[in-house]
Amino acid sequence: MWGEAADGGRWRAIYAEVTPVSPELPHNSGIDRPRVGLVLGAGGVLGGAWLVGALHAIASESGWDPGSADYIVGTSAGSMIGALVACGVPPWFMVAHSAGEELEGLADARGEATAAADRSAGATFRLERSGFALGPGSWRLAVASLARPYRYSPMAVISGWLPRGLVSTEPLKDTLRRACTGDWAPHPNYWPMALDYTTGRRVAFGRAGSPPAQLPDAVAASCAIPGFYRAVEINGRPYVDGGVYSTSNLDVLRDEQLDIVLALNPMSSLHVGSPRTVGERVAFRMRQAAGRRLGSEAKRLRAAGVEVVLIQPTVHDLDVMGGNLMSSRRRHEVIETAVRTVTEHLRETPLGTRLAELPAGDPRLIRRPDGPPSTWPDFRAAARDRWANLQAA
């Protein structure tokens, strides 16, 4: 299932893996358009940057609009990038905004100048106003996991005992308020993944039967790393980072009758270089665990007849990302590296041809329009139109 390849004396990961669907058993029999899922995994500030670069490369090379996927599942940083895409923010715009372009003449969802918006997708850290609190972040989860640890993932057991985070999630929420109008994204199946901090159960906000929530709160909950961010309360219950359950949560789409699922996972990699420092060893073990979990989840979808494409950082991406994924200093460098490495991979392997077979997206959301920013179309309207057009068809 996994593979490795030599690269100039170093070892790098095979970038993606594709398992074809049997042509005799299409899930969407009678429908011309394939049903597509997009899964964006956890990875901190720099993992989110890698996702931006990878999505921009995919859209530019294939002509497919990532926001047109029938289902978008995001975990932690992936929930933020997924929400922006679902609300009509094109990957090329995220790249330009991160690079520091002024983009004069554009206004956000609140009518404020886009040029004044935070350029790190909410990665601005400030202390929670309610201050320091003693004791574990979740007494109920801590005690329950102590009594029956076999019922919880190792990360869930640890997270219950971590202290309450001191960093506010308000900058994350503000990013969504500036990008999206309304209580939820216009996408019909956008699911940010979080963990109920009381029970340790996984929650897919936006999914039928899940607790109601507004988009900024749900995404902030999905990003709320235990012990770092303060847990997000929704309807009186605390929620934290969905990466505590799984950094990918790919298997949540197992029963959705999809034809192909494209999973981008910043936290896993097949890079097998020897870690030297303590920090590198910790990061290496975390990536190993994330990779094993991702492989197990992909296996479940393949068993259901779903074609699964996995894209993960290469050694070149990891060299730029470093060990501290919450650092914002190298954010744009990570984006640029991801654009280059993913573009090269799509051009050099059959994966580029495979993704080019997906339905072409709205040009407004694929490539930067000509002319000054003040003449550009309304991307939020384009996001709404893509679903209205599909329903009309």
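Predicted model: local features only at pLDDT ≥ 70, side-chain atom pairs only at ≥ 80, totals over all residues.
# A tour of salt bridges and a surface patch

Arg340 has a relative accessible area of 40%, which makes this residue partly exposed.

**Helix H10**

The side chains of Glu344 and Arg340 form a salt bridge, with an N to O distance of 3.8 Å. Both residues belong to helix H10, which covers residues 331–348. They sit 4 residues apart, or about one turn of the helix. Glu344 is partly exposed as well, because its relative accessibility of 34% lies between the limits of 20% and 50%.

Next, select Arg354 and Glu307. Their side chains meet in a salt bridge at 2.8 Å, N to O. Is Glu307 buried or exposed? Glu307 counts as buried, since its relative accessibility is 5% and the cut-off for buried is under 20%. Arg354, at 23% relative accessibility, counts as partly exposed.

Move on to Arg368 and Glu101. A salt bridge joins these side chains too, at 2.8 Å from N to O. The pair links distant parts of the chain, 267 residues apart. Arg368 is in the loop between helix H12 (363–366) and helix H13 (379–392). Glu101 is in the loop between helix H3 (91–98) and H4. Both ends are partly exposed: Arg368 has a relative accessible area of 38%, and Glu101 has a relative accessibility of 30%.

**A network of four residues**

Select Glu170, Lys173, Arg177 and Asp217 together. A network of salt bridges links these residues. How many salt bridges does the count come to? The count is 16.

**Helices H4 and H5**

Show residues 139–147, which make up helix H4, and then residues 154–161, which make up helix H5. The axes of the two helices come within 7 Å and cross at roughly 135 degrees. That angle makes H4 oblique to H5. The crossing is left-handed.

Arg151 can be found in the loop between H4 and H5. Arg151 counts as exposed, because its relative accessibility of 59% is over 50%. The C-alpha atoms of Arg151 and Gly200 are separated by 9.2 Å, while the two residues are 49 residues apart along the chain.

**The nonpolar patch**

Which helix gives the most to the nonpolar patch? Helix H4 does, with 3 residues.

Finish on Leu146, which lies in helix H4. Leu146 is exposed, as its relative accessible area is 60% and the cut-off for exposed is over 50%.

Methods:
Residues numbered from 1 in each chain as written. Heavy atoms only, no water. Buried < 20%, exposed > 50% of the residue type's maximum accessible area, 1.4 Å probe, protein only. Axes fitted to C-alpha atoms, helices over the stretch in contact; angles between N-to-C directions. Parallel < 35°, antiparallel > 145°, perpendicular 65-115°, else oblique. Left-handed = near helix turned anticlockwise from the far one by under 90°.
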